[in-house]
Amino acid sequence: MPDDLPKTKSDLDARFTELYRAHLRDVYSYSYYRVGNHHDAEDLTEQTFLQAYRHFERALRESNGRPLRPWLIRIAHNLAANFYRDRSRKPESAIEDAGTISTPHTTESLVEGREELKSILDGVQQLPDDRREALIMRFALGMDNREIARALGRTDGATKVLLHRAVRQLEGIVSESAADTAVKEKP
Amino acid sequence: MSATDFEALLREALTPVDPPADLVARLEVTLISLTELAQDELDAWELSAMRDPRNWVRPAAAAVVGVTAGTALVVLRVRGRHRTRKQQSSSLIDLAERTMHDVADEARRILPHR
């Protein structure tokens with residue numbers, strides 16, 4: 001057994017508290033972009049931490065000192081899949097306003113910027129599940145290829161290809177949408 | 001638009017989202033509930049390393065530090081009814097759900113502005 005494993009229940013709880021504090025925002029962000037609304041994101045986040053607590057000791061033992069964020073996100077990923085299967089739901093067609101776009105803009109660029117960002121968010125929701133999840137992990141959570149690979153149960157190489165294709169497909173969706181809008185607005 | 005520009009926009013669109021304060025409070029209380037379960041119940045939940053239940057509350061309670069005083073009061077009041085909830089609960093999930101409902105009720109009573 002590695003030396004840094006908790007030896008008492010108190011140590012185990014302290015380690016879990018650290019994990020919870022460090023990654024609550026990650027789990028919530030992932031859940032939010034995955035399900036598209038705050039209400040279900042809250043449910044998913046709670047269930048993720050309940051599951052994580054239940055299996056935390058084993059996860060620590062088997063992680064060999066590697067970061068546990070991919071394990072945590074994988075739990076959320078599996079729960080989200082069950083969530084849709086059990087309730088026969090699909091992700092919402094549009095993501096609610098996250099209310100966190102806080103970068104200062106001029107009035108003109110604010111409108112332009114928001115339209116563009118909204119179009120990107122809509123496009124993300126149109127991607128196949130695996131591509132959407134990879135993008136959320138990379139861009140919302142800042143995970144690197146190796147972490148994403150562990151969370152999705154893929155190789156590093158396959159994950160790199162997945163991310164590349166996801167970005168290219170999303171670019172295509174956004175361009176197409178912009179072209180459609182331009183045609184509609186033409187007098 | 002270059003690939004780099006598009007990725008920058010994508011990063012901006014997928015801004016990390018902060019969890020709502022009431023979710024944070026609920027989760028803290030749920031963690032406290034989990035740490036208060038008796039040894040035999042914990043064994044049933046495959047947490048084999050748990051040895052001294054009297055120590056469990058401290059780390060989870062420490063997580064509450066930093067939450068507002070009002071929230072801490074909610075936590076204290078909810079904790080006061082832990083034994084009753086435990087008796088009424090059929091499983092850990094049931095207990096957690098009852099705890100969350102209690103927190104929501106207390107929060108509405110004590111923190112009406114939220």
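In the predicted model, A:Leu72 is in contact with A:His23, A:Val27, A:Thr48 and A:Ala52, once neighbours within four places in sequence are left aside. A:Leu72 is also listed, together with A:Tyr30, A:Ala76, A:Leu135, A:Ile136 and A:Met137, among the residues with the most contacts inside the largest nonpolar core, a set of 52 residues. The element that gives the most to this core is helix H1 of chain A, residues 9-35, with 11 residues. Because domain 1 (1-92) and domain 2 (105-187) of chain A both give residues to the core, the core lies between these two domains.

The packing of H1(A) against helix H5 of chain A, residues 129-140, can be described through their axes, which come within 10 Å and cross at roughly 140°. H1(A) and H5(A) are therefore oblique to each other, since an angle counts as roughly antiparallel when over 145 degrees, and the crossing of H1(A) and H5(A) is right-handed. On the H1(A) side, the residues that meet H5(A) are A:Ser29, A:Tyr30, A:Tyr33 and A:Arg34, and their counterparts in H5(A) are A:Glu133, A:Ile136 and A:Ala140. Of these residues, A:Tyr30 and A:Ile136 are also named among those with the most contacts inside the largest nonpolar core.

Helix H6 of chain A, residues 145-152, has as its buried residues A:Glu147, A:Ile148, A:Ala149, A:Arg150 and A:Ala151. A:Leu152 also lies in H6 of chain A, but A:Leu152 counts as partly exposed because it has 19 C-beta neighbours inside 10 Å, whereas a residue is buried at 20 or more. Leaving aside neighbours within four places in sequence, A:Leu152 is in contact with A:Asp130, A:Glu133, A:Ala134 and A:Thr159; one of these, A:Glu133, is also among the H5(A) residues that H1(A) meets. Between A:Leu152 and A:Met137 there are 15 residues of separation in sequence and 10.0 Å in space, taken from C-alpha to C-alpha. H6(A) is followed by A:Gly153, for which phi is positive, near 70°.

At the level of whole chains, chain A has seven helices and zero strands, and its elements follow the pattern α-α-α-α-α-α-α along the sequence. Of the 187 residues in chain A, 36% are buried, and among the contacts in chain A between residues at least 6 apart in sequence, 70% join residues at least 24 apart. Chain B likewise has seven helices and zero strands, with elements that run α-α-α-α-α-α-α from the N terminus on. Buried residues account for 32% of the 114 residues of chain B, and 69% of the contacts in chain B between residues at least 6 apart in sequence join residues at least 24 apart.

A point at which chain B touches chain A is provided by B:Leu23, which touches A:Glu42 and A:Thr45 when residues up to four places away in sequence are not counted. B:Leu23 has its place in helix H2 of chain B, residues 21-35, and B:Leu23 is partly exposed, with 19 other C-beta atoms within 10 Å.

Methods:
Residues numbered from 1 in each chain as written. Chains lettered and ligands numbered in written order. Predicted model: local features only at pLDDT ≥ 70, side-chain atom pairs only at ≥ 80, totals over all residues. Buried ≥ 20, exposed ≤ 12 C-beta atoms within 10 Å, placed from the backbone. Helix = DSSP H or I, 4+ residues; strand = E, 2+ residues; numbered from the N terminus. Core = buried A, V, L, I, M, F, W, Y, C linked by C-beta atoms within 7 Å. Domains from an automatic or database assignment. Contact = placed C-beta atoms within 7 Å. Axes fitted to C-alpha atoms, helices over the stretch in contact; angles between N-to-C directions. Parallel < 35°, antiparallel > 145°, perpendicular 65-115°, else oblique. Left-handed = near helix turned anticlockwise from the far one by under 90°.
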